[in-house]
Amino acid sequence: MSMEEQTFEPGPETQRAFRDALGRFATGVTIVTTQTTDGPIAITANSFASLSLDPPLVLWSPAKASSRFGPFTEARHFAIHVLAADQAALCSEVAKDARRFRPGDLTENDKGVPLIDGALAHFECAREAIHDGGDHVIVVGRVERVRRRDGEPLLFLNGQYGEFAARG
């Protein structure tokens, strides 16, 4: 088995190789939702991370070039949903259409934030801060409420969805 190794400096001419190297890191998959004057909107994100336990803070990073950037950086409240292994189709649909939800797909919390049933966890957040991060921004949310359930997570690696397989 041959293992080709590349060494390069990130730049415009190596952007694809840099992206492929980043893709070697397996991540969970989330959908972030918020409410707009035109109704609920969603975006997929694998940039979710915990930041602090006290106070309870999480972060995620939308791309500045995204057509969905404005509604999420302007939102005072949003929810981050950690997807279950059986939610890959939903993730793909949301990636293509920010408003793919139909009546009955969502519930709302007391602040009007859309919530997706069936997620392994959702974190209801108030925007704490936004920081510049190159071609993305870092959105920090103060977690106000959490819902969680047991189940297998949806993972993303090398541009593909997958599931976790524990080693015995």
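User: Where is Pro55 found?
Analyst: In this predicted model, Pro55 is found in the loop between strand 4 (49-52) and strand 5 (57-60).

User: Why is Gln87 called buried?
Analyst: Buried means under 20% relative accessible area. Gln87 has a relative accessible area of 8%, so it counts as buried. Gln87 is placed in the loop between strand 6 (77-82) and helix 3 (88-96).

User: Which residues does Gln87 touch, not counting residues up to four places away in sequence?
Analyst: Gln87 touches Val82, Ile116, Asp117, Gly118, Ala119 and Leu154. A contact requires heavy atoms within 4.5 Å.

User: Why is Gln15 called exposed?
Analyst: The cut-off for exposed is over 50%. Gln15 has 55% relative accessibility, and therefore counts as exposed. Gln15 belongs to helix 1 (residues 15-22). From Gln15 to Ser52 there are 37 residues in sequence and 31 Å in space, C-alpha to C-alpha.

User: Why does Asn158 count as partly exposed?
Analyst: Partly exposed lies between the limits of under 20% for buried and over 50% for exposed. Asn158, at 43% relative accessibility, falls between them and so counts as partly exposed.

User: What is said of the phi of Asn158, and where is Asn158 found?
Analyst: Asn158 is not a glycine, yet its phi is positive, at about 50 degrees. Asn158 is found in the loop between strand 11 (154-157) and strand 12 (160-163).

User: How many helices and strands does the protein have?
Analyst: The secondary structure comes to 3 helices and 12 strands.

User: How much of the protein counts as buried?
Analyst: Of the 168 residues, 36% count as buried. The protein exposes about 10500 Å², of which carbon and sulfur atoms supply 51%.

User: What share of the contacts with a separation of 6 or more comes from residues 24 or more positions apart?
Analyst: Those residues account for 65% of such contacts.

User: Which residues form one aromatic cluster?
Analyst: Trp60, Phe72 and Phe78 form the cluster. The whole structure holds 4 aromatic pairs.

Terms used:
Residues are numbered from 1 along each chain as its sequence is written. This is a predicted model: local features need pLDDT of at least 70, side-chain atom pairs count only at pLDDT 80 or more; totals for chains, interfaces and linings use all residues. Side-chain values use heavy atoms; hydrogens and water are left out. Helices (H or I, at least four residues) and strands (E, at least two) are DSSP runs, numbered from the N terminus. Buried means under 20% relative accessible area, exposed over 50%, partly exposed in between (1.4 Å probe, protein chains only). Accessible areas come from the Shrake-Rupley method with a 1.4 Å probe; for residues, only the protein chains shown count as cover. Rings of Phe, Tyr and Trp (its six-membered ring) pair if their centres lie within 6.5 Å; planes under 30 degrees apart count as stacked, over 60 as edge-to-face and the rest as tilted.
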